[in-house]
Amino acid sequence: MGVDIGGTKVAAGVVDRAGRVRARARSETPDRSKSPKAVEDTITAVVDELRRSYEVAAVGVGAAGFVDEAGATVLFAPHLAWRGEPLRDRLRERLGLTVVLDNDANAAAWAEYRLGSARGRRDVLCVTLGTGIGGALIVGGALYRGRYGTAGEFGHMVVMPGGHRCECGNRGCWEQYASGNALVREARELARTDSPVARQLLDAVAGDPDQVTGPLVTRLALAGDPAAAELLDDVGTWLGRGLANLAAAFDPALFVVGGGVSDAGDLLLGPARLAFRRALTGRGYRPEASIVRASFGNEAGLVGAAILAREAALGAAG
């Protein structure tokens with residue numbers, strides 16, 4: 001079983017060897033003002049819901065936060081209440097199962113590398129666009145976690161000094177411009193202007209800008225609303241610029257983009273590819289990495305966590 005814990009949802013699924021999700025359970029993520037135990041309660045509840053129908057040997061947990069090198073503790077989570085939280089051992093005790101803990105973007109990258117868009121590629125960089133931006137790097141066919149387990153936090157690169165305040169404590173982080181939260185912030189700001197440009201957006205929420213969501217913007221854009229498409233174009237442009245910086249640092253063969261915002265498809269990735277080419281250092285004189293959508297979409301983290309759990313369980317069995 002895999003569990004994906006994000007800033008807004010806890011999603012669990014029973015996953016077969018081919019990466020197909022056979023059953024799902026979902027709950028809202030407790031507000032970060034609540035205790036870590038509230039998050040544990042939510043995880044336990046969705047796992048127990050699925051265990052009523054399936055025999056489960058191991059659970060993989062992809063957590064939106066900094067997971068230490070031992071895969072035991074969530075050191076820090078910008079969108080949750082975890083601060084030095086020994087999540088793996090607490091869940092093992094409560095569930096009575098093998099529990100594997102990793103960063104949610106690492107889990108998503110592993111799903112894409114093993115069974116998805118990055119299959120057969122050994123040097124891959126993955127980003128997940130959700131509440132924030134998660135990131136993961138696969139080098140030579142192995143997840144690169146860094147010395148302390150916190151590599152891949154690309155969303156907290158500062159791309160606009162003095163820019164929007166980020167929940168990590170800094171200003172101008174990449175995720176403030178190329179994430180689901182960024183899309184919603186800009187859409188609500190546009191809606192509050194009461195501009196004719198935002199008419200379809202306002203009509204969809206009965207005139208209440210606070211009801212605008214990222215999925216709504218995506219649906220409107222896919223249906224042809226120019227304002228919604230422009231909002232996704234802006235996010236995609238910021239995405240491409242950031243990926244160009246990452247190409248300068250890591251030179252991957254492939255970028256895989258997942259998370260809920262990737263549901264917009266080429267309305268997001270088209271502008272990203274264009275901005276990437278314009279910002280790529282040495283453009284025209286170097287091989288250019290491809291930018292593709294994650295095969296597993298918003299379920300990549302869940303599927304990858306399950307794969308990591310299966311591999312750990314099989315390894316433990318000899």
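Modeller: Helix 9 gives the most to the lining of the second largest pocket, with 5 residues. This is a predicted model, in which local features need pLDDT of at least 70 and side-chain atom pairs pLDDT 80 or more, while totals for chains, interfaces and linings use all residues. Residues are numbered from 1 along each chain as its sequence is written, and side-chain values use heavy atoms, without hydrogens and water.

Biologist: What makes a set of points a pocket, and which residues line it?

Modeller: On a 1 Å grid over the protein atoms alone, a pocket is an open set of points with protein on both sides within 12 Å along at least five of seven lines, whereas in a cavity a 1.4 Å probe fits but cannot get out; lining residues have an atom within 4 Å of a point. The second largest pocket has a volume of about 310 Å³, the space filled by probe spheres set on the points, which are joined across faces, edges and corners. Its 14 lining residues include Met1, Val15, Ala57, Ala58 and Arg310, the closest to its centre.

Biologist: What is the volume of the largest pocket?

Modeller: About 1,000 Å³. Of its 48 lining residues, Thr8, Leu129, Gly130, Thr131 and Gly132 are the closest to its centre. Helix 4 gives the most, with 5 residues; helices (H or I, at least four residues) and strands (E, at least two) are DSSP runs numbered from the N terminus.

Biologist: Why are strand 3 and strand 8 said to stand at the edges of the sheet?

Modeller: The open sheet has 5 strands in the order 3-2-1-4-8, with mixed pairing. Strand 3 and strand 8 each have a single partner strand, so one side of each has no neighbour in the sheet.

Biologist: How do you know that strand 1 and strand 4 pair?

Modeller: Pairing needs at least two DSSP bridges between two strands. Ile5 stands opposite Ala63 in strand 4.
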